[in-house]
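The following exercises concern a single protein chain. Please study the sequence and the structure, then work through each solution in order.

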Amino acid sequence: MVFGLGDYVMVLDEDLSGHIKEIVGEIITIESDDGFLLSFKASQLVPVEVKQSLKNELFSHKNLTDVISEKEQSKRKTPSKVKAKERFEPTMEVDLHINQLVKSSRGMSNHDILTLQLETARRQLDFSIKKRIQKLVFIHGVGEGILKIELEYLFGRYDNLKFYDANYQKYGLGATEVYIYQNPTN
């Protein structure tokens, strides 16, 4: 904004207004309605065409929207808060259903399918450890339980993790959640 000597301005976040007496770069000195000289950054001031008092008169719609838009621009972006429930949600899901891994399982034996699912699980687990992803869920389905048993055997070969049934409400009985302990020396 362009300010000039003698302009009437209001201060954001304070009940102060006055006329501009001095401009030095970005620092503007105003004489308040009470007669005090106060210095502010230009970004903290809003020009007012007609002398207004916050307590006695209302902003016009135009001035109010100007003030709000300037306030929103000058606000710092605060990081979005994560709900407590979401904080405990796994950060990665790996669906091991064969139709999610290949376009068609035609011609694959049960052994081939199981081997592909276990290789995918191992690869994703190694990726998670490398990228320091702490929680992940392997969705294996209920079925006969062979894949679940093989996954538990695979997870048992790692020292830095624990595994347990995933959230029943979200996944039912067909998923296993893995928690990877992060080693700060790696």
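**Exercise 1.** How many nonpolar, polar and charged residues does the lining of the largest pocket have?

*Solution.* The model is predicted: local features need pLDDT of at least 70 and side-chain atom pairs count only at pLDDT 80 or more, whereas totals for chains, interfaces and linings use all residues. Residues are numbered from 1 along each chain as its sequence is written, and side-chain values use heavy atoms, with hydrogens and water left out.

Step 1. A pocket is an open set of points on a 1 Å grid over the protein atoms alone, where a 1.4 Å probe fits, with protein on both sides within 12 Å along at least five of seven lines; lining residues have an atom within 4 Å of a point. The largest pocket holds about 410 Å³, a volume being the space filled by probe spheres set on the points, which are joined across faces, edges and corners.

Step 2. Ala, Val, Leu, Ile, Met, Phe, Trp, Tyr, Cys and Pro count as nonpolar, Asp, Glu, Lys and Arg as charged, and the others, Gly among them, as polar. The lining accordingly has six nonpolar, eight polar and two charged residues.

Step 3. Of the 16 lining residues, L114, Q117, E144, I146 and L147 are the closest to the pocket centre. Helix 4 gives the largest share of the lining, five residues. Helices (H or I, at least four residues) and strands (E, at least two) are DSSP runs, numbered from the N terminus.

**Exercise 2.** In what order do the five strands of the open sheet lie?

*Solution.* Step 1. Two strands pair if DSSP finds at least two bridges between them. The order is 4-3-2-1-5, with antiparallel pairing.

Step 2. Strand 4 (37–41) and strand 5 (45–47) are the edge strands, each pairing on one side only.

Step 3. Strand 1 (residues 8–11) is joined to strand 2 (residues 17–24) by three bridges. In this pair, V9 stands opposite G18 in strand 2.

**Exercise 3.** Where is Q44 found, and which residues is Q44 in contact with, leaving aside its neighbours within four places in sequence?

*Solution.* Step 1. Q44 lies in the loop between strand 4 and strand 5.

Step 2. Beyond those neighbours, Q44 is in contact (heavy atoms within 4.5 Å) with M10, V11 and L12.

Step 3. D13 is 31 residues from Q44 along the chain, and their C-alpha atoms are separated by 8.2 Å.
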